[in-house]
Amino acid sequence: RAKQTGRNAVQFYAPHMNAHATDRLALEGALRGALREDQFELHFQPQVELGSGRVVGTEALIRWRHPQFGTVRPERFIALAEETGLIVPIGAWVLRAACRQNVHWQRAGLGQLRIGVNLSARQFSEPDLVQTVRQVLDETGLPPDSLEIELTESMMMADIEAAIETMRCLKTMGVKLSIDDFGTGYSSLSYLRRLPVDVLKIDRSFVRDIAGSADGAAMVGAIISLAHGLRKQVIAEGVETLAQLDYLRGCGCDEVQGHIFSRPEPVHAVERLLRQGRAEPVPLQA
Ligand code: C2E
Ligand code: MG
Ligand code: MG
Ligand code: MG
């Protein structure tokens with residue numbers, strides 16, 4: 001019976017949905033079980049340097065391998081994990097597993113690959129975040145500059161001074177920082193100058209608009225110029241077509257991540273690509 005409720009919760013819980021308390025409770029219980037029973041797994045999506053075509057890193061993306069319901073995507077459970085605080089142990093697991101995997105690849109001679117790890121707001125404001133990151137780096141032996149922590153604008157805006165302080169601590173350790181989903185938050189441009197980040201990841205909603213309208217294309221070009229003017233690198237997310245790829249290349253975008261090169265894949269599948277070292281664009285549509 002509990003399993004049945006859990007199933008409904010997994011299928012129907014969404015961030016802004018007024019899910020029934022019983023479903024939420026069931027999903028919370030299922031999430032605790034998932035941690036205990038080791039049901040989380042990471043998929044990895046390659047990031048390709050546009051100039052060289054080389055795969056220079058991957059982003060780690062969590063999946064929940066539920067014994068009955070199959071692979072559950074993060075949209076289904078991250079929001080509740082965040083509300084319940086379960087994201088803290090889940091996030092620590094992600095960080096450790098991602099760093100460990102990346103060290104493994106580096107030691108296997110696959111290059112100085114970088115690994116991107118998403119943080120949630122709750123994790124970012126935990127007092128011992130910096131300590132956790134330091135510990136994971138020590139424990140796994142990953143070179144700090146091979147780790148790129150992805151933050152979002154909204155998680156910084158709650159308390160910008162505290163956020164900058166935390167970011168400085170991470171930077172001092174040598175870790176790279178990026179702003180994920182850039183352009184979708186509410187931060188003002190004046191803050192961007194002050195944020196000690198290395199990389200802007202252009203949200204895929206902007207990339208989608210490249211071909212649709214001159215305005216959409218102009219936005220992407222402007223973000224890239226802005227980033228480079230501030231001496232930051234740019235990764236475009238959600239690239240699916242050759243038209244998008246060509247436009248981004250023309251704008252001097254540094255790296256691309258998207259289905260055109262690869263979907264997020266489990267370890268064994270992404271390793272094939274990492275061994276090749278390069279990725280060929282295979283557009284979803286002409
Ligand atoms: P994100 O960090 O912006 O990750 C990129 C998302 O875009 C991934 O969805 C990826 O599969 C998807 N994507 C990549 N290329 C394309 C493309 O060409 N077309 C389309 N349509 N989609 C593309 P995913 O894996 O479902 O993750 C969704 C979000 O869940 C992530 O967005 C991130 O915010 C969150 N998330 C994932 N893993 C973690 C985690 O370990 N911790 C936390 N806190 N959040 C995570
Ligand atoms: Mg991300
Ligand atoms: Mg994210
Ligand atoms: Mg993103």
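A residue counts as buried when its relative accessible area is under 20%, as exposed when that area is over 50%, and as partly exposed in between. This cut-off is used below for two residues of the structure, which is a predicted model.

Asn 118 has a relative accessibility of 26%, so Asn 118 counts as partly exposed. Asp 180 has a relative accessible area of 7% and is therefore buried.

The magnesium ion (ligand 2) lies 3.4 Å from the magnesium ion (ligand 3), and both are coordinated by Asn 118.

The next feature is the largest pocket, with a volume of about 1,500 Å³. Its lining is made of 40 residues, and those closest to the centre are Pro 74, Glu 75, Asn 118, Asp 180 and Asp 181. Several elements each give two or more residues to this lining, among them the strands β1 (40-49), β5 (147-152) and β6 (176-182) and the helices α3 (78-84), α4 (87-107), α5 (121-125) and α7 (153-157). Strand β2 (55-66) is also one of these elements, and β2 supplies the largest share of the lining, five residues.

Sorted by class, the residues lining the largest pocket are 14 nonpolar, 13 polar and 13 charged.

How values were computed. Residues are numbered from 1 along each chain as its sequence is written. Chains are lettered from A and ligands numbered from 1 in the order in which they are written. This is a predicted model: local features need pLDDT of at least 70, side-chain atom pairs count only at pLDDT 80 or more; totals for chains, interfaces and linings use all residues. Side-chain values use heavy atoms; hydrogens and water are left out. On a 1 Å grid over the protein atoms alone, a cavity is a set of points where a 1.4 Å probe fits but cannot get out, and a pocket is an open set with protein on both sides within 12 Å along at least five of seven lines; lining residues have an atom within 4 Å of a point. Grid points are joined across faces, edges and corners, and a volume is the space filled by probe spheres set on the points. Helices (H or I, at least four residues) and strands (E, at least two) are DSSP runs, numbered from the N terminus. Ala, Val, Leu, Ile, Met, Phe, Trp, Tyr, Cys and Pro count as nonpolar, Asp, Glu, Lys and Arg as charged, and the others, Gly among them, as polar. Donors are N, O and S atoms within 2.8 Å of the metal (3.2 Å for Na, K and Ca); water is not among the atoms, so sites may look incomplete. Buried means under 20% relative accessible area, exposed over 50%, partly exposed in between (1.4 Å probe, protein chains only).
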